Amino acid sequence: MMMSSRIRICFLVFICASLSIIPTPSLGHSHICLPNDHVAQFIFGDSLFDAGNNNYINTTYQYRANVYPYGETFFNYPTGRFSDGRIIPDFIAEFAKLPLIPAYLHPGYKRYADGANFASAGAGALVGTHLGSVIDLHTQLSNFKRMKTLLKKEIGEAEAKTLVSRAVYITSVGSNDYVAPYTANSSLFQSYSPEEYVDMVIGNLTTVIKGIHKEGGRKFAFVNLAPLGCLPFLKVINAGECVEKITTMVKLHNKALPHVLQELESQLKGFKYSITDFYSIVSEIMNNPIKYGFKEGKAACCGSGPYRGVNSCGGKRSVKVYELCEKASDYVFFDSPHPTERASLLIAKSMWSGNQSVTWPYNVKALVEQR
């Protein structure tokens, strides 16, 4: 059955070629004839996964990374990724033998058969997190639905349904929901108990997961939250100490997320998931950088102030002065909240093929191989 589908798709491409409908060579339909084991990658979340969507929305440099020195070590220009080079989903795509998945909003990108990246720096599970400056998770779901309509036109309804069900949906979200109220000195944390607030964040994430499942998604991969309270950008505003209030919320979130995913597994038909212990991985390489080939685990490569924790990398935010290390790969953090390309590779490897101590109940490789 799949072979006949492939022949039909290829025939359509032949017709298009005969009518002089030429695909975009770099970001357009470079291959429409999908192999039987093709597994697309759809990416949701925040700056950890954003490949540059915020370049194309009306926002500030607080939520953009389209200036030097971002992108310097791999792309040799700033792509909008909050890294010196590639980010975690880029490596997952490489491991899965896919091309790098560009930002969904990139005006030249229409090759949805490989996937799409909907993530937006600054986004949270809550619509109110950085409202008006980012693409919140619910809007990312709406963008996925729009993309799915275009995908049906591109490869046909039956093939689109198969592709969507085989795809892996990779998500990193929640950090901004906890950090934004703290750094803005918001009254939100006074209005809710920590448990109530975490329930709100997880509840909004659950709604979006159910929305993707309703659209046909079945295989989901998540990272839990990093030790946010001890990252350079928060230590610098807390006299060099970890912010315990944030650490408490993060631990509650990371405890709640696996329970919710287990419940969804029993409720939603065909639902399979992977969760990677981002908290433990980042804590380990921060505290033992030499063991993993880094020289510095606590300070950022790019920024200013103690730990280079002031988020001034690129000189376009409120603080214009910044320092830049000589070699980003010596550092765990590139700017004050985000990992370097090299640290992202270590995290991506754990997501892709990690054992049950860091990634469970499946790793991403096992999800990709699930038929």
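Leu228 is buried, with a relative accessible area of 5%, where buried means under 20% relative accessible area, exposed over 50% and partly exposed in between, for a 1.4 Å probe and protein chains only. The model is predicted, so that local features need pLDDT of at least 70 and side-chain atom pairs count only at pLDDT 80 or more, whereas totals for chains, interfaces and linings use all residues. Residues are numbered from 1 along each chain as its sequence is written, and side-chain values use heavy atoms, with hydrogens and water left out.

**Leu228**
- Leu228 lies in the loop between strand 4 and helix 8 (232–235), helices (H or I, at least four residues) and strands (E, at least two) being DSSP runs numbered from the N terminus.
- Leaving aside neighbours within four places in sequence, Leu228 is in contact (heavy atoms within 4.5 Å) with Ser175, Val179, Phe233, Leu234, Ile246 and Val250.
- Between the C-alpha atoms of Leu228 and Thr79, which are 149 residues apart along the chain, the separation is 25 Å.

**Helix 10**
- Because seven of the ten residues of helix 10 (residues 278–287) are buried, this helix is largely enclosed by the rest of the structure.
- Those buried residues are Phe278, Tyr279, Ile281, Val282, Ser283, Ile285 and Met286.
- Their cover includes strand 4 (219–223), helix 9 (244–267), strand 5 (272–276), strand 6 (296–300), strand 9 (331–333) and helix 11 (341–353).

**Pro337**
- Pro337 is found in the loop between strand 9 and helix 11, and, not counting residues up to four places away in sequence, Pro337 touches Leu231, Phe233 and Asn311.
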